[in-house]
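Here is a short report on salt bridges. Look over the sequence and the model first.

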Amino acid sequence: MLKELLTTFVISASASGVDVTPQGATQYLDKQATCLAKNMYYEARSQGLAGQLAVSLVVLNRVKDKRYPNTICEVVHQGPTRESWKKNGIFYPIKNRCQFSWYCDGKSDEPKEPTTYSQLYDMALDLVYGDITVVDITEGATHYHADYVFPAWRKTKTKTIEIEDHIFYRWEKK
């Protein structure tokens, strides 16, 4: 994961005139870990390790899939936006229209359980920096939903696994 993230960082950062020194790369990776940790926190904090890891794997599988953005933060924040009515050039996500609902639900994105968030952040750092190697228990899943909802898109995806109260799906390549 680290190699792919650093390659993406260097290519996009160099084109934008962004700092590509080791310190700049570390800041970039830490930001990606923060996005991954927040997604784990809001999507699976009450689940066990398998559920938290599976939610993270969906994000990482999307990063690898050309149909999605190529960074963790871009995947987590993906969704339609609208320009602020107060300031030109500032865009906000459209409420309840994001790929991950917590990001555009209109509530604060600051975790209220610091101990839980800290543990998830540590796991996210390990995943992003490649300090741990994991088997993809989702079998390449790019989607999931809670078992008490029935999104229409589920009929167009291949179900791979159920972990706690989430059902995971793979979007087959054509």
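Which residue forms a salt bridge with R67? The partner is D65, and their closest N and O atoms are 2.7 Å apart.

## Ground rules

This is a predicted model: local features need pLDDT of at least 70, side-chain atom pairs count only at pLDDT 80 or more, and totals for chains, interfaces and linings use all residues. Residues are numbered from 1 along each chain as its sequence is written, and side-chain values use heavy atoms, leaving out hydrogens and water.

A salt bridge is a side-chain nitrogen of Lys or Arg within 4 Å of a carboxyl oxygen of Asp or Glu. The structure holds 6 of them.

R67 is partly exposed, with a relative accessible area of 31%. D65 is buried, at 4%. Here buried means under 20% relative accessible area, exposed over 50%, and partly exposed in between (1.4 Å probe, protein chains only). Salt bridges with shared partners join D65, R67 and K173 into one network.

## Links across the chain

E110 pairs with K38 in a salt bridge, with the closest N and O atoms 3.3 Å apart. This pair links distant parts of the chain, 72 residues apart: E110 sits in the loop between β2 (91-93) and α5 (114-129), and K38 in helix α2 (residues 22-44). Helices (H or I, at least four residues) and strands (E, at least two) are DSSP runs, numbered from the N terminus. K38 counts as buried, at 16% relative accessibility.

E113 forms a salt bridge with R45, and their closest N and O atoms are 3.5 Å apart. E113 lies in the loop between β2 and α5, while R45 lies in the loop between α2 and α3 (49-64). E113 is partly exposed at 36%, and R45 is partly exposed at 33%.
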